[in-house]
Amino acid sequence: MNATSPVARRQLHFPAVAASRFPYHRGSLLSVQDLTLEDVSHILARATALEDQDPLMRDRILAKRRVALLFYESSTRTRTSFELAAKSLGADTTLVSSLSSSIEKGETLKDTGLTLRALGAEAIILRHNASGAPWLLEDVTRLPVLNAGDGMHEHPTQALLDLRTILAHLRTGSESVSETTLAGVTVTIVGDILHSRVARSNMLLLPRLGAQVILCGPKELLPDLAANAGPGIAIERNFEVALRQSQAVMMLRIQAERLAGMQLDLEQYKVDYQLTGLRLETQAPTAVVLHPGPIIRGLELTAGVADGTQSAILEQVRNGVAIRMAVVERALLPREGGRA
Amino acid sequence: MIRNGHLIDPAAGVDAPKDILLKDGHVAEIAAPGKLKPIDGAEVIDAAGLTVTPGLIDIHVHLREPGQGYKETIATGTAAAAAGGFTAVAAMPNTVPVNDSIEVTRWMLAPERGAAIRVYPIAAATRGSKGEILNDFAALKSAGVVAVTDDGYPILKDSVMRETLAAAARVGLSVIQHAEDTRMTTGASMNAGPVAFKLGLRGMPPEAESSIVERDIRLVTELHDARVHLHVAHASTAAAVASVRQARRNGLRVTCEVAPHHFLLTEESVGQYDTNAKMNPPLRAAADRDAMIEAILDGVVDAIATDHAPHATHEKEVEFEHAPNGITGLETALGLCLRWLHKEWKMPLGRVLSLLSAQPAAVLGLKGRGTLIVGSFADVLVFDPKAEWTYRAHQGRSKAHNTPFDGWTMHGKVRWTISEGRVAYTSQN
């Protein structure tokens, strides 16, 4: 719009956008954006403390508390690690998945959430294929809700466990984080950024600790506007150039289930963006390689890289249990585990 | 008889204190205050301090009947319209079944529906709104239809749209296009852009709207027939109104409407997945919203139309991507237009009212509506231009409460809505 248009001349005032409908429950974790760096430090510290604690003492922390896992999408790592995390704190867990429940009969998320609450659930861990579903669940149940991945939106515990993994490799396991903890660190996230909740949570969390995030991938899977999602995010479409600058590289799976008719030349994709042993050795011989899983060997990375010495993929899985113990504790013991 | 009011009738060029005599559903006489002879037994409305204007006309509403009475009925939808100052609404055909027949049209117009004000059915352009086979426009027109559209869906195929424009022109009907290239909007639930990316929602690019508007204007140009009238429903993008502006300069009969939410809100209102900010076309970027205001102020926009789209509460209390599109609008349009277009952005009152009455009547050729010259229908709105009030969705007349404007301050309070001489709504405070 040019400067002489009537609208520009009049300096229009607009109604303020309505403020958030929440405060959410203090124990909820819906988005990494809700966490202060103090919260992050606290979660990291509790993860380590809980991991180190005697299992027979640990299971008194949430003894007989009730945690529901509500899963609308399949999951191996996230579901199992949340379940193990809750159980190792002594909580009773119950799993409701969309394929073996009344969700199949058409029960809504609202009614499912209210039913779980009536059954005594004190917190709900939700994995859902629709972005934003945890906000709805929190709104209708007013229970602490832990977002275990919502559509293409966020996966906050994944970002926290990725952070723990990165800190272990690059900052000797530091737990107290600040704006400069990751200063000088470049993390490249590669592949299907568009459909990835892991990418969104990481690109919104890591720069707050001083890291530079490079997004790398073809236009179809990485729109230019992704760089505007927040500060400290840049786009580099040349994988070699991105790798060369990186201390950590996070490979993503191409999410065939979310492509929505998009045609993608997988052979070309592999040529441009597959992490091979040669690429890693020549461009980033010391970088730590992460992948949220599930990995597709031979597509986004080679089997050799997945199993290689730079791979931290299974470490991430282990960190998942520790981080999820900390956030489940925080959900149910907000005074001790929650934000200050 | 309405006495002591200030009459604003933009189509007649009147903006002065006048008394009005209504008789047998029509305007019988207009005179300077105190000059009309009192008639025994006639009801007298004292409009001192109030503005008297032609009843408002909304050429884009969804009344949901037949078939979806749980969302809204013709009775509740028109009651909401009357409460909002409207005396005529044009009802979109995406009902169940789709209004593509004279039977459905007649059913909608039957007295048993309990309409509080005048309802003008708009019929589907194609059978079942499938975008393939044209309906019988002549028959539909004789049954009372005022325009054709596949609203909710676009007429995508060039050949079908060309045929629709030509066939409608032959019988004197307007073609209303829901401009959306659905090939670009698969699975999308909000405007494409940084906000959608951040929320992890698929976006509808502005080009999905503007490309269809451009295509349609090209078809109108190619038809070389002055009777062809294309009306662009709920324009929401800068590019679309720019195309309409250019088409008008080229002498084409192309008109457009804008909904209040598109000149007031942006995609930021989606916030944390607020389903009351989900509609189609979606709330757009700030630059598009600003372009809507500019287009309204400079006269490219022919009508404010609400796209009143009621839904049951439970339908909106679901995951954002699964929620149906649309918000209500009939009870907020006047209050928002007066608060923002008139008070905030200094559009003359007469022009604001014209966009809500005279001009929409002209778009669809609704004879005897949108003006209060002697002989026209006694469709009158009497409102208090100074009143400010807070809109509470749950106190409304509509069955539905799906609105982003709940709790907003409105200007101008409807005191009487008179439809063809009968009081359809009144509020005495």
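In which sense do strand β15 and β16(B) pair, and over how many bridges? Strand β15 of chain B (residues 254-258) pairs with β16(B) in the parallel sense, over two bridges. Here, two strands pair if DSSP finds at least two bridges between them. Helices (H or I, at least four residues) and strands (E, at least two) are DSSP runs, numbered from the N terminus.

A quick word on the source: this is a predicted model, where local features need pLDDT of at least 70 and side-chain atom pairs count only at pLDDT 80 or more, while totals for chains, interfaces and linings use all residues. Residues are numbered from 1 along each chain as its sequence is written, and chains are lettered from A and ligands numbered from 1 in the order in which they are written.

**The sheet in chain B**

- β15 and β16 belong to an open sheet of six strands in chain B, in the order β9-β10-β11-β14-β15-β16, with parallel pairing.
- At the edges stand β9 (123-124) and β16 (303-304) of chain B, each with a single partner strand, so one side of each has no neighbour in the sheet.
- Across from B:Val258 you'll find B:Ile304 in β16(B).

**A sheet in chain A**

- Chain A has an open sheet of four strands, ordered β2-β1-β3-β4, again with parallel pairing.
- Its edges are β2 (92-97) and β4 of chain A; each has a single partner strand, so one side of each is left without a neighbour in the sheet.
- On average, neighbouring strands here are turned by 15° against each other, direction ignored.
- β1(A) (residues 66-71) runs parallel to β2(A), and six bridges join them.
- A:Ala68 has A:Thr94 in β2(A) as its bridge partner.
- Lying across β1, β2 and β3 (123-128) of chain A is helix α5 (residues 109-118) of chain A, which runs at about 160° to β1(A). (Axes are lines fitted to C-alpha atoms, for helices over the stretch in contact, and angles run from 0 to 180 degrees between N-to-C directions.)

**Two domains in chain A**

- Chain A is split into domain 1 (17-153 + 319-332) and domain 2 (156-318), with bounds that come from an automatic or database domain assignment.
- Taken over C-alpha atoms, the centres of the two domains of chain A are 25 Å apart.
- Domain 1 of chain A puts 27 residues into the contact and domain 2 of chain A puts in 26; residues are in contact if their C-beta atoms, placed from the backbone, lie within 7 Å.
- On the domain 1 side, α2 (37-52), β4 (145-150) and α13 (313-332) of chain A each supply at least two residues, and α2(A) gives the most, with eight.

**Where α2 meets α13 in chain A**

- The axes of α2(A) and α13(A) come within 8 Å and cross at roughly 110°.
- That makes α2(A) roughly perpendicular to α13(A) (65 to 115 degrees counts as roughly perpendicular).
- Residues of α2(A) in this contact include A:Ile43 and A:Leu50, while those of α13(A) include A:Ala322 and A:Val327.

**Chain B against chain A**

- The contact between the chains takes 31 residues from chain B and 33 residues from chain A.
- On chain B's side, α5 (194-199) and α9 (286-297) of chain B each supply at least two residues.
- α9(B) brings the largest share of that side, six residues.

Methods
Two residues are in contact if their C-beta atoms, placed from the backbone, lie within 7 Å. Angles under 35 degrees count as roughly parallel, over 145 as roughly antiparallel, 65 to 115 as roughly perpendicular and the rest as oblique.
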